[in-house]
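User: Can you walk me through this one? I'd like to start with the sheets and then look at a helix.
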Number of protein chains: 2
Amino acid sequence: MANIVILGAGVMGSALASVAATHVSNNVTLIGSPLDNEITQSINHNRHHPTLRVDIADNITCFAEADLPERVMQSVDIVVIGVSSPGVSWAVDKIKQFNLSPTCIALVTKGLVSTDDPHSPPLTYADALSSELDADKLLGIAGPCIARELALGMPTFVTFAATDLALATQVRDVFQTDTYRISVHPDFVGLEACAALKNFYCIGVSAMLGAWQIEGQIAKNPVAALFNQAVNEMNIVCNWIRNGADPGEGSTNYPGWSNVAFDLPGMGDLHVTVGGGRNSKLGTLLGQRHKLSEIVQGPMKGVTVEGLDTGRQLLRAFDSAIASRSLHSDQLPLTTAILESIASDSFFEFDFKGFCN
Amino acid sequence: MANIVILGAGVMGSALASVAATHVSNNVTLIGSPLDNEITQSINHNRHHPTLRVDIADNITCFAEADLPERVMQSVDIVVIGVSSPGVSWAVDKIKQFNLSPTCIALVTKGLVSTDDPHSPPLTYADALSSELDADKLLGIAGPCIARELALGMPTFVTFAATDLALATQVRDVFQTDTYRISVHPDFVGLEACAALKNFYCIGVSAMLGAWQIEGQIAKNPVAALFNQAVNEMNIVCNWIRNGADPGEGSTNYPGWSNVAFDLPGMGDLHVTVGGGRNSKLGTLLGQRHKLSEIVQGPMKGVTVEGLDTGRQLLRAFDSAIASRSLHSDQLPLTTAILESIASDSFFEFDFKGFCN
């Protein structure tokens, strides 16, 4: 049994609450941020989650932040930061405000943060938070996981990563169900990097959904070719972020390399991300030769596209990394093309001749 | 310029002929097997390929086997074995009959062949042919490549593999176009193993398309989870076939391992294979709880399903490999489940609890 507090009552936080509450011995509390008031009201009114569109189990206790009794923040074993990126500072504030000292702080939020040094790779949120929170307690969650499917009990595989593998194993036992299957991995930062990067690469792969058609049907070869390319480039960029150093020859056999890009946090999650969601929608529109600014001021106005934010963080250090040969542009034609589309406010066109010259 | 003879005028052989003929300096001859008579007649009548449903360029010379003039089989630089598996022996016979001695014999045909030894992994077609043909000249072609899309100029990436990398590079230069982009690799047998195995794993991944739905829509998490699992298991089984030995701990960093499963011949081709074609149709029906025998005697009667044939070849050695610990069943839950479905003539049901115990 564990006392689990989930900060953020959006779709992903609430779906994870549903998983945790499958184990009736767990004590699960879902806490809405100031942006989640409609959700927490709805759950407490009739147990229905309006954006996830599922009913929330009776053994999940739900509070709006403003109504939070002090007692529920005592003896917390596991805190899940379940907000999307704009809510991270709110979640960190709550951990500090209530002096929470859990065994584990699990991160669902993904993203990259630029450093002041234009020559350094961006940090993952995880790295950025490790100075504010106890780094040894941080745990990353990644893998193919559409929140609504999770809440409805569709099976999936995910990875829990923590530098301390014993912690990851312990927390797995609290969350794992018959359909939510969890592998553990020690590469916490690599997993967090992939979790952010997959949204970025999703834009480029999804552009193929918009760019190539035969008799009104989407052509499959270009999508698969760029999917494969995306995973291979994600591996290189992930290791650059992890190691902050020369990621070598682009081989997965490079000493010290991690393979998370070729597993659930990279390949697996990218598979589910292409063809659904905001990143894929942006990519598809870019592939249909709409300019980036036309999209974000038009059909996607006001929508947070995490892969676009990730691309902007990558942009700041990318040219410098190419110039210093920390990264090699001939290995990264897709990365380069997505970044160029963002930097030059253009539509997305991939020059296939950039591969295998 | 190269003299290229393509044996087999089916969809894949003809699509590759179209690619080769993009270079007007190439001299491309397409030769129909005795099963291709309708196709060669149609091409020579009005240049239309009836199964590929595209027009064939005028600079491709097309013959039915029976009308083949001796002169076209002289000074052949590259032979492409472009038939599906039942046609391989015909193609090999032609090479012998005309004493062809090309620089390169490129294989499009994929499959596995059991050995007499029940303890040995099956051979790839490539290995089986290397005793009949000059092994140094064999070249494998794999990657995401739906034939009709190829013939219509949709872009893709593929890999050419030959033990002699210089040969692969030389042949790449003959075939590569602006949209048919080719990487080269020395792991010929690994590529051939993946090319066969991807059809087998496609059955298991596609079963998820039939098994899990939400409000009439296919759930995406189970498909992505098993896609990821399939690539990881393909890597293990590929290396077992390549090395005929203990493939170790399942890490891609294992010395001597090849990464082709995590690249175009494995991951990339599996991506395009799931959701289209015969293997995927069989898998989807198995996932909808139809028994194998009901499918192959019913809606798919008379249809060659290459992944099913590959599974039958794997079956003969699999139990022995598990018993001798050359393979480890806890690393291969998906492989085991597909093989069980074939061996026991059942529908396909994947127990997600088999992952991460």
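This is a predicted model: local features need pLDDT of at least 70, side-chain atom pairs count only at pLDDT 80 or more; totals for chains, interfaces and linings use all residues.

User: What is the strand order of the open sheet in chain A?
Analyst: The order is β5-β2-β1-β6-β7-β10-β11-β12 (chain A), eight strands with mixed pairing. At the edges are β5 (60–64) and β12 (180–185) of chain A, each pairing on one side only. From one strand to the next the twist averages 25°.

User: How many bridges join β1 and β2 there?
Analyst: Strands β1 (residues 3–7) and β2 (residues 27–32) of chain A run parallel and are joined by five bridges. Across that pair, I4(A) is opposite V28(A).

User: Which helices pack on it?
Analyst: Among them is α9 (residues 264–273) of chain A, which touches β10, β11 (156–161) and β12 of chain A at about 145° to β11(A). Helix α1 (residues 11–22) of chain A lies across several strands, including β1 and β2, and runs at about 170° to β2(A).

User: Switching to chain B: why do β5 and β12 have a side without a neighbour in the sheet?
Analyst: β5 (60–64) and β12 (180–185) of chain B are edge strands with a single partner each, so one side of each has no neighbour in the sheet.

User: And β10 with β11 in chain B, parallel or antiparallel?
Analyst: Antiparallel, over three bridges. A142(B) stands opposite T159(B) in β11(B).

User: Now α7 in chain A. Where does it bend?
Analyst: At L197(A), by about 30°. Helix α7 (residues 188–211) of chain A still reaches 35 Å between its first and last C-alpha, close to the 34 Å expected.

User: Is α7(A) mostly covered or exposed?
Analyst: Mostly covered: 23 of the 24 residues in α7(A) are buried.

Conventions
Residues are numbered from 1 along each chain as its sequence is written. Chains are lettered from A and ligands numbered from 1 in the order in which they are written. Side-chain values use heavy atoms; hydrogens and water are left out. Helices (H or I, at least four residues) and strands (E, at least two) are DSSP runs, numbered from the N terminus. The expected span of a helix is 1.5 Å times one less than its number of residues. The bend at a residue is the angle between axes fitted to the seven residues ending there and the seven starting there. Buried means under 20% relative accessible area, exposed over 50%, partly exposed in between (1.4 Å probe, protein chains only). Two strands pair if DSSP finds at least two bridges between them. Axes are lines fitted to C-alpha atoms, for helices over the stretch in contact, and angles run from 0 to 180 degrees between N-to-C directions. Contact means heavy atoms within 4.5 Å.
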